[in-house]
Amino acid sequence: MKIRIAIVVGWFVVLGVVGVFVMTRSDPEKHAGIEEHFKYGSIGAEGRSGVPASLWLALPEVFADRLPKGPGKGYERVGLLYEKGKTRPIGTSFREAQTGMIGLNCAVCHVGTLRASKDAPRQIILGMPANQFNLQAYLDFLRNIADDRRFNADTLIPAIKKVDPDFSRADEVLYRHYVIPRTKAALLQLRDDFQWMDVRPAEGPGRVDTFNPYKVIVGISTGDTVGTSDLPSIWNQRPREGMQLHWDGNNDSVAERNISAAIGAGASADSLDEPALKRVRDWILDLKAPRYPRQRIDKELAARGEGVWAENCAACHSFKGKLVGKVTPINAIGTDRDRLDSFTQELVDKQGEGTGNLPKFSHFRKTNGYSNQPLDGVWLRAPYLHNGSVPTLEDLLSPPAQRPDRFYRGVDIYDWERVGFTSRGSTAKRTGFLFDTSKQGNGNGGHTYGTDLSADDKRTLIEYIKTL
Amino acid sequence: MGAAKSGSAFVALVLAVVVLVILAITFRGLWFIALPLGFIALILAVRSGSGPLRGVSLVVGYVALLLSLVAFTGAALAAVADISIDRGYDVYENSDPADQPALPR
């Protein structure tokens, strides 16, 4: 009997040791270079919102009909960017845990593309708003497949074997009995948690509703607010320290803003990989904005425009401006107020408590307007205003009534004439997302500064802004 | 006494095999049956070693112990998996794609 008891005890000791090893395993894919780390490194999002890697790779094969129609294949259809020789798109990370998991990272929202003309090669620009990425379409894809009849082991495992040659017999058992049903349950939960999105205007590429997902996490109502706004650039963060960050200026700490953004990418207080995030933070402190092509700037005009800029724009939009990084009240700026109203004092209070497995935040506050942003690299930050409702600089300097009320966004061909991305014409219509300024949260009014300048002053001002 | 011990080893062996069959067919589906049966099999397998056993009985006892350990562990894993998966959704309920709204925008 003693021998048998010893066997039983030994069995459970070994199981315990193996169990602790398996359950605590968390090995992110490592990248020595900071740019590779930014594009493909983990910030810890896999822990809360990751999808099992082999399954994630197979999903677009099985559910191709669930992806938006458009150019590219697989996840390219939601705007994720693939580099040559890579199996995963930019903005995705891998972490080996109980099973390999894929999550999102900072680059998914902060890497964009540019083409100088329709036939020009695509340039991938780090730190730029992801003008092509449709986060809502990606989430909708995952939400829609959750209760699709094909979401079962018999259908998915053969597909996984096709895309993942390393998928073993042991993986198959694990996936069949645990990973696939657990993922399905998680996606059904995602479907229900994000139902609030279904009754709001489509966000389209390059935009995100930043704070309504937070409300779901902390358990408060999203109400009928629409917080959809443009993805920002993330270069030159050092001079932004202390400024009122986010579109409504609700946080003045770059570090805390970064953590908040990492939560938005899917991390939680428990899963956040702070050293990995710090690497990105240190890098973007001094990451420079790409310059507008020099040969496309009329130097004489730009020189003349500097004075117009100094007189009309610099106070709010120059790094040294008196009002830069400060909030202009909504009554003064007059732009669409939905994004402002979507961030509430109730949410500030919850963020301070650290509920819902969020870190405790201490720098968030409720403001009454929108923050004046420095305009470094502004040529790549089109469309303009916080909600991306004005396609080009030329349109922004036009009175609101003359700004386009419908245009296309998500096209990466540059419009060198109007200064912004191509937003009209047949190519834009074929590949872009139709943005309708009459929808809630999409208003293109307000920010009338400079709209009464003479045509010549506007021309010189735009030429100068290209140099920022 | 020896016959009784040999008998409990045999019962443990049968129970362990039953549990393994349940797990092979349903895994998480019937863990609430498999877990107590596996536990009983394990207890019987351990207790069957309290007297002098020889020959076939000894072998049956150790085989029962080994299988009941595997069965109990498998049932426990099935229970953990099922509890971990459960979020109030029926993960085997599927709808036809044609019945669903085309949400991707």
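In chain A, helix H13 meets helix H20 through A:Leu301, A:Ala302, A:Arg304, A:Gly305, A:Glu306, A:Val308 and A:Trp309 on the H13(A) side and A:Asp457, A:Arg459, A:Thr460, A:Leu461, A:Glu463, A:Tyr464 and A:Ile465 on the H20(A) side, where two residues are in contact if their C-beta atoms, placed from the backbone, lie within 7 Å. Helices (H or I, at least four residues) and strands (E, at least two) are DSSP runs, numbered from the N terminus. This is a predicted model, in which local features need pLDDT of at least 70 and side-chain atom pairs count only at pLDDT 80 or more, while totals for chains, interfaces and linings use all residues. Residues are numbered from 1 along each chain as its sequence is written, and chains are lettered from A and ligands numbered from 1 in the order in which they are written.

The residues of the contact of H13(A) with H20(A) comprise seven nonpolar, two polar and five charged; Ala, Val, Leu, Ile, Met, Phe, Trp, Tyr, Cys and Pro count as nonpolar, Asp, Glu, Lys and Arg as charged, and the others, Gly among them, as polar. H13 (residues 299-312) and H20 (residues 455-465) of chain A pack at an angle of about 100 degrees with their axes 7 Å apart, the axes being lines fitted to C-alpha atoms, for helices over the stretch in contact, and angles running from 0 to 180 degrees between N-to-C directions. H13(A) and H20(A) are therefore roughly perpendicular to each other, since angles of 65 to 115 degrees count as roughly perpendicular, those under 35 as roughly parallel, those over 145 as roughly antiparallel and the rest as oblique.

Helix H4 (residues 53-62) and helix H7 (residues 153-163) of chain A pack at about 105 degrees, with axes 8 Å apart, which makes H4(A) roughly perpendicular to H7(A). Their contact divides into eight nonpolar, two polar and two charged residues.

In chain B, helix H2 (residues 31-47) and helix H3 (residues 55-85) have axes 8 Å apart and an angle of about 155 degrees, so H2(B) and H3(B) are roughly antiparallel to each other. By class, the contact of H2(B) with H3(B) holds 17 nonpolar, three polar and one charged residues.

Chain A also contains an open sheet of four strands in the order S1-S3-S4-S2, with antiparallel pairing; two strands pair if DSSP finds at least two bridges between them. Strand S1 (27-28) and strand S2 (51-52) of chain A stand at the edges, each with a single partner strand, so one side of each is left without a neighbour in the sheet. S2(A) pairs with strand S4 (residues 100-104) of chain A over two bridges, and A:Met101 in S4(A) is the bridge partner of A:Pro52.

Where the chains touch, the contact takes 32 residues from chain A and 23 residues from chain B. H8(A) gives the most to the side of chain A that touches chain B, with eight residues.

Most residues other than glycine have a negative phi, and most peptide bonds are trans. The peptide bond from A:Ala382 to A:Pro383 is cis, with omega near -5 degrees. A:Asn236 has a positive phi of about 50 degrees although it is not a glycine, and with 18 C-beta neighbours inside 10 Å A:Asn236 counts as partly exposed. B:Phe27 has a phi near 45 degrees, but with 21 C-beta neighbours inside 10 Å B:Phe27 counts as buried. A residue is buried if 20 or more other C-beta atoms lie within 10 Å of its own, exposed if 12 or fewer, and partly exposed in between, with C-beta atoms placed from the backbone.
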